[in-house]
Amino acid sequence: MDRENQSVVTEFILIGFSGFPDLQVALFVVFTIMYLTILTGNIIIITTIRRESSLHIPMYFFLAVLSSSEICYTLIIIPNMLANLLREKGTISFVGCATQMCIFLGFGCTNCMLLTVMGYDRYVSICKPLHYPVLMNQGLCTKLRLCTELVVFSATAGFLISLFDSFFIFTLPFCGPNKINHFFCDLAPLLELACARNYVAEIVLFLLCILVIFVSFFLVLLSYLFILNTILKIPTTDGKRKAFSTCASHLIVVVVHFGCASIIYLRPQSRYTLNEDIFISVTYTLVTPLLNPVVYSLRNKDVQVALRKSLGRSTCTQKI
């Protein structure tokens, strides 16, 4: 690509919510409350899992990593979005835009893979309970080693895919206009701004999206088909309810996360619309990270008990 063409656009204007000028202050307040709740909720989840030895098992190790990833995932998008709601014109530099998209997609891909790993963990726990300590490497000396390796693999693969995506997008020529129809730098609106089409790059991007979203979701779905088959064989209703309750929280997060990601990234570029995409993007940048601590704290008895213990311990410390 010609470097001169690429250097013409030095910054982008994020249109975002400028189509709703009367609602910008209200949106700022609502989104700020949601963002603070995301930070607080996920930090509480991480701290509780770290402090309570009863939660030092693979399932909650993955949950703590997912919560950490969600914090980073929102940190790269939400503060800038909130600042732009209070500005007349939200701008971001060319390099800043590339960095934002690369990091956001990296954590997004990592989250997809972490949810897949968590699905595998639930499959082993329910379908092969006697083999669980061996398969998940939960011995005394090697505790959580395999889990750490799975997390490192998820993050490495996620950010490698993100780097490929960013490379294909930002080697396209951008020579004007520079208004992005979104509140952050994302694939579809940036492809719309490119001065030339690179069909090979677009096909590669689409295949990478299929690899991350469809393959990850398929593996989660496969895990749950085996889990469902095992649960149906449990003779008692109470046993079935107990087995399903360990998966319900994860399943809710999976459906919302992969549902939104599929709508945004697995569709033709010609069907891109600003208002619809902003609504869906708000869902996966704010609602899904908020859903994680809310669902796991409300539906998971182990986390509820651990939270009560932590609160009780803190209350006793304050009294002393």
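This is a predicted model: local features need pLDDT of at least 70, side-chain atom pairs count only at pLDDT 80 or more; totals for chains, interfaces and linings use all residues.

Visitor: What makes a space a cavity, and what is the volume of the largest cavity?

Guide: On a 1 Å grid over the protein atoms alone, a cavity is a set of points where a 1.4 Å probe fits but cannot get out; its lining residues have an atom within 4 Å of a point. Grid points are joined across faces, edges and corners, and the volume is the space filled by probe spheres set on the points. For the largest cavity, this volume is about 200 Å³. Of the 15 residues that line the largest cavity, Leu-105, Gly-108, Cys-109, Ile-213 and Tyr-265 lie nearest its centre. Two or more lining residues come from each of α5, α9 (199-232) and α10, where helices are DSSP runs of H or I with at least four residues, strands are runs of E with at least two, and both are numbered from the N terminus.

Visitor: How are the residues in the lining of the largest cavity divided by class?

Guide: The lining has 12 nonpolar, two polar and one charged residues. Ala, Val, Leu, Ile, Met, Phe, Trp, Tyr, Cys and Pro count as nonpolar, Asp, Glu, Lys and Arg as charged, and the others, Gly among them, as polar.

Visitor: Which residues line the second largest cavity?

Guide: The lining consists of Met-59, Tyr-60, Leu-63, Met-118, Asp-121, Arg-122, His-250 and Tyr-296. The volume of this second largest cavity is about 60 Å³.

Visitor: Why is the contact of Asp-121 with Arg-122 called a salt bridge?

Guide: A salt bridge requires a side-chain nitrogen of Lys or Arg within 4 Å of a carboxyl oxygen of Asp or Glu. Side chains of opposite charge can pair when their charged atoms come close.

Visitor: How do you know whether Asp-121 and Arg-122 are buried or exposed?

Guide: Buried means under 20% relative accessible area, exposed over 50%, and partly exposed in between, with a 1.4 Å probe and protein chains only. Asp-121 has a relative accessible area of 1% and Arg-122 one of 6%, so both count as buried. The model has two salt bridges by this rule; Asp-238 and Arg-241 also form one, at 3.6 Å from N to O, and both of these residues are exposed. They lie in helix α10, three residues apart, about one turn of the helix.

Visitor: What makes β1 and β2 paired strands?

Guide: Two strands pair if DSSP finds at least two bridges between them. Strand β1 (residues 11-14) and strand β2 (residues 90-93) have four bridges in the antiparallel sense, so they meet the rule. Ile-13 has Thr-91 as its bridge partner in β2. Strand β3 (residues 179-180) runs parallel to β1 and is joined to it by two bridges, with Ile-13 opposite Lys-179.

Note on methods: Residues are numbered from 1 along each chain as its sequence is written. Side-chain values use heavy atoms; hydrogens and water are left out. On a 1 Å grid over the protein atoms alone, a cavity is a set of points where a 1.4 Å probe fits but cannot get out, and a pocket is an open set with protein on both sides within 12 Å along at least five of seven lines; lining residues have an atom within 4 Å of a point.
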